[in-house]
Amino acid sequence: MKLALIGFGQAGGKIVDEFLAYDDAVDGGFVEAAIAVNSATTDLKGLEHVPQQNRVLIGQARVKGHGVGADNELGATVTEEDIDEIQGAIDRIQVHEIDAFLIVAGMGGGTGSGGAPVLAKHLQRIYTEPVYGLGILPGTDEGGIYTLNAARSFQTFVREVDNLLVFDNDVWRSAGESVEGGYDRINKEIVERFGLLFAAGEVGHGDHVAESVVDSSEIINTLEDGISTIGYARETVDTSGGLLSSFRGEEEFDEGAAVNRLTSLVRKATLGRLTLPCDVSSADRGLVVATGPPEHLNRKGVERGRQWLEDETGSMEIRGGDYPRTGQDEVGAIVLLSGVTDVPRVDQLQQVAIEAQETTETVRANAQEEFSSLVDTGGELDALF
């Protein structure tokens, strides 16, 4: 699947930067173009892989390159004002070569949280290609303002995109980990999961062709609308083959073991740690992709895994396929669940945000009243003017 990636804000830019490195490392071929948009000069300068001409600084007239300070209303405003600057970078993309746009943003900050939904709305108005979002939820310990930002951004972003893929930082944080080290690791987790999904079906010269190809239409049909989450599980396999098989006198590959392995991996991916935890049975659509050495993948294993997911979700729209990766020693299963509706984290996020908003309004009202009382001299002192 060929994507135009647009990283919005600090987190979005870093993740798109990581996507470019990953796409190059695995020779995935799914990144057709990449753009980074930010209101902070420092964040844009810190990127390593996004081309210089594709780094767009917005809001200079208002914030002078210093960012919007977690004010996502200001983030939305400067995006609207400078949308032509972003469009200028998009105009350099060969849009006829892409299958979809993917806007990546952290939802707790200011620039990405406010600007990503504005850009999504703009792209939907101009292009016929699907516009997807990849939203990163902040951890619950990151503070009330970030939770409030995320809830408001989520509510807007999901409305403006064709599908919102979600990654919840709260689920992936490790105890005792430094903030910087934690985010670097999390970004790699994000990129591996979503990167494998989008790279499936991209066949280069000399690549092994899948038994059951996952092309862009399979992914697009799965990402029809709503919210999506991804599960991933993998297992190391013996790819040495020759010596052990000769010693045992076994000439044929154990197909039964391969089928059982793939079925087990699909279950682990679905019931293990999803990018956004949810009740699996609430998914409306799904996609199973088996990855790994071609000799360890087979149609029967994929079909068994697909049937199991169909039973688990109760959905008739579960697709499946494989993504052969020569030279790898791991077999994996990617499970995309789309149109999920039973998501406790989103319910919690919205409830905490409502409480934070009420608290903020009360604090502001009290602060104004206390300030007025502080400077009120009862008319006994005249101001200068």
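Helices (H or I, at least four residues) and strands (E, at least two) are themselves DSSP runs, numbered from the N terminus. One of the contacts to look for is Gly-231, whose bridge partner in S10 is Val-335.

Before going on, a word on the model: it is predicted, so to speak of local features takes a pLDDT of at least 70 and side-chain atom pairs count only at pLDDT 80 or more, while totals for chains, interfaces and linings use all residues. Residues are numbered from 1 along each chain as its sequence is written, and side-chain values use heavy atoms, with hydrogens and water left out.

Back to S7, which covers residues 227–236. Of its 10 residues, 7 are buried, so the strand is largely enclosed by the rest of the structure. Buried means under 20% relative accessible area, exposed means over 50%, and partly exposed is in between (1.4 Å probe, protein chains only). S7 also pairs with strand S6 (residues 163–168), this time in the parallel sense and over 2 bridges. To find that pairing, look at Leu-165, whose bridge partner in S7 is Ser-228.

Now step onto S6. Here 6 of the 6 residues are buried, so S6 is largely enclosed by the rest of the structure. In a regular strand the side chains alternate between the two faces of the sheet. In S6, Asn-163, Leu-165 and Phe-167 point one way, Leu-164, Val-166 and Asp-168 point the other way, and all are buried. S6 also runs parallel to S5, and 6 bridges join them. Gly-135 is the residue that stands opposite Val-166 of S6.

Follow the chain to the loop between H6 and S5, and you find Pro-130. Pro-130 is buried, with a relative accessible area of 16%. Leaving out residues up to four places away in sequence, Pro-130 touches Asp-99, Ala-100, Phe-101, Asp-162 and Ile-220, where contact means heavy atoms within 4.5 Å. Ile-98 is 32 residues from Pro-130 in sequence, and their C-alpha atoms are 9.8 Å apart in space.

H6 and S5 bring us to the pocket. The largest pocket has a volume of about 700 Å³. Of the 36 residues that line it, Gln-10, Ala-11, Gly-106, Gly-108 and Gly-109 are the closest to its centre. Helix H1 (9–26), helix H6 (111–126), strand S5 (131–137) and helix H9 (179–199) are the elements that give two or more residues to this lining. (On a 1 Å grid over the protein atoms alone, a pocket is an open set of points where a 1.4 Å probe fits, with protein on both sides within 12 Å along at least five of seven lines; lining residues have an atom within 4 Å of a point.)

Finally, zoom out. The protein has 14 helices and 10 strands, and 51% of its 385 residues count as buried. Its C-alpha trace spans about 105 × 40 × 40 Å along the principal axes. The domain assignment gives domain 1 (3–200) and domain 2 (216–338), with bounds that come from an automatic or database assignment. Their C-alpha centres lie 28 Å apart, and the contact takes 25 residues from domain 1 and 25 residues from domain 2.

How values were computed
Points joined across faces, edges and corners; volume = space filled by probe spheres on them. Pairing = 2+ DSSP bridges.
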